[in-house]
Amino acid sequence: MSQYGTGYGASGSDGGGPEYDTHGRYGGYGRDGEYRTQAGQDDYQDHAAIRLAADHAADHAADHAADHAADHAADHAADHAAGFGGSRRGAPVVTFENVSKHYGRLRAVDGLTLDLRAGETVALLGPNGAGKSTSLDMLLALRKPTIGRIRMFGDEPHHAVKSGRVGAMLQSGGLMPEVTVRELVELVTKLHPNPEPVATTLKRAGIAQFADQRVDRLSGGQTQRVRFALAICGKSELIVLDEPTAAMDVETRRLFWNSMKEEVAQGRTLLFATHYLEEADQAADRILVINRGRLLADGTPAEIKERAGAKRLSLRLDQVDEPFLLGLPGLVNLEVRRHVVQIQSRDSDATLYAILDAGYRPREIEVTSLGLEQAFLAITAEDDAANGHAYAGETN
Amino acid sequence: MAGTLALTKAELRRLVHNKRYFIFTVAFPVVLYLLIARSVTKTAYGVSFGGYYMIAMAMFGAFSGALNGNAQRISQEKKEGWIRQLRLTPLPANAYVVTKVLVSFATTVPAIVIVLLLGRFYGNVHLPGWEWPVIGVTIWFGATIFAALAVAVGYRFPPDQVQPVTLTVYFIFAIIGGLWFPVGGFLESIGKFTPTYEAVKIGTDVIQGGSVPVGLPIGLVIWLGIFVALATVAVRSTAETV
């Protein structure tokens, strides 16, 4: 449960918090974004892990069917203040029906079912190798699903791509060398049935100032913005971006999301894959968490955090009764270090009341919200534990 | 189609800046022709050496232009993801390959025109007016079919393997096809099946008397079929990795 390996580029701000590090046993995010845990596992962590695994196994079948539907209903009811797509929702733009992609024995994508609706801003979140890129490739008709069906605007993805209704930027997409940025954007603009003016695209992508430079002489961040320009140079209804801000520095990233905001404000649907959780949290009004090719969670950032047991309760008890603590309502994870108890809870109020009702008078009570980062790690680690895989961290 | 033409125009614009292309397709045959055409007094394939060598060098420049540069570029552009990027645009799926072939129609022209002009004004090749376009078009066709082979090689091999593969093909077709020197005996008995030999022989037969064995143009068309088939298989089988 606790061996998360290397972290996901944590910003540090909503990481584990340095105060916990002093207790030694509790893992936290260091400044370098690495998740650290003590090597020694205590019984309670193991217990908790087993509980999670059991919970998860029981839930698992239902997870994909009932839970999904329930999540979805909740999703529609929930207010979408988080992302910049707001709450505009329309016709299905993309549907995946039980889509799998197998490479020999490897299941890169395994029974993915989801739909995107017009006007949504959706983040596809997962560690490297989770199946994000393969899913996007299939969506964009670059690869064919082994099983299942994908529809874009109610039609074969291929048709949507050829009719210019989708603009895309992939990590693996290259640029034509030996031409200037402007020439390249002009070329791709000409290919669109419904083009944006070239000047508008250059401005929106923030590449006007180096439009006359040669494409093969740009920095990584500049190249990334040119690719983005190629994704938005037509008036596409859906924009698909795979790790759009990779290779961008902080300032460029901010500019990027600002221009993205303008795109979405025009009513476009946006699907982006990322492993920057901060971006998913801030930009998306819906997050799809995938791990090892399967959809683990689907909801607003708030729902995802809640689902993972997104509050941490820290308190000091003079007498620690471990079996009692393990039976607390809402408990997801428990760690005890002498008299300091750390509880990760789905319902921190209920957990705290139960402790008080049992006659305890804990001191130094702290309740902190876990960020999306921890929620994500908890969800994927749960999944890995349930499937008997140690989470290996990022694998490139 | 408008999109394909836009891409073709962009490709041609790139090519104008490409020095390598001019060295291989134009400079090489021109220099060789200037050095050698007048210093050999024998005849070849029944015509003056200057006449034979004009056709051979025009073919040499044009076919290396269609093969070498294209294969390398296609492989590089596949690796870098440009082909993939194009597949995300409304361009038809085959547009990239069609463009490469269309561009080759143009890139083989300078070598042919320049070497034929050299033949006329430096190599003392005097022909009836109608024979010039017949020879030019034959070489042009014979060379451009190598664009299809370049597509096959470029899709099939990564950039670091393209060079040895194309050089092998290039040397085989240049040498046993009789582009560097006229072939006879055993070499000709194999070489006569190559498209390079067929194109050159059509040319020299036209100079000689205007009667061309029907097997030669048929041979060229068969090679076109073979190269297109190889290209089709290479493009289809790599569809998911592009």
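Reader: What order do the three strands of the open sheet in chain A take?
Author: In this predicted model, the order is E4-E3-E6 in chain A, with antiparallel pairing, where strands pair if DSSP finds at least two bridges between them and strands (E, at least two residues) and helices (H or I, at least four) are DSSP runs numbered from the N terminus. Local features need pLDDT of at least 70, side-chain atom pairs count only at pLDDT 80 or more, and totals for chains, interfaces and linings use all residues. Residues are numbered from 1 along each chain as its sequence is written, while chains are lettered from A and ligands numbered from 1 in the order written.

Reader: Which strands stand at the edges?
Author: Strands E4 (106-117) and E6 (147-152) of chain A do, and since each has a single partner strand, one side of each is left without a neighbour in the sheet.

Reader: And how many bridges join E3(A) and E4(A)?
Author: Strand E3 (residues 92-103) of chain A pairs with E4(A) over eight bridges in the antiparallel sense, and Pro92(A) stands opposite Arg117(A) in E4(A).

Reader: Switching topic, how many residues does each chain give to the contact?
Author: Chain A gives 24 residues and chain B gives 19, two residues being in contact if their C-beta atoms, placed from the backbone, lie within 7 Å. On the side of chain A that touches chain B, H5(A) gives the most, with four residues.

Reader: What do the buried residues of H11(B) pack against?
Author: They pack against helix H5 (95-107), helix H7 (131-156) and helix H10 (195-208) of chain B; among those buried are Trp223(B) and Phe227(B), buried meaning 20 or more other C-beta atoms, placed from the backbone, within 10 Å of a residue's own.

Terms used: Buried ≥ 20, exposed ≤ 12 C-beta atoms within 10 Å, placed from the backbone.
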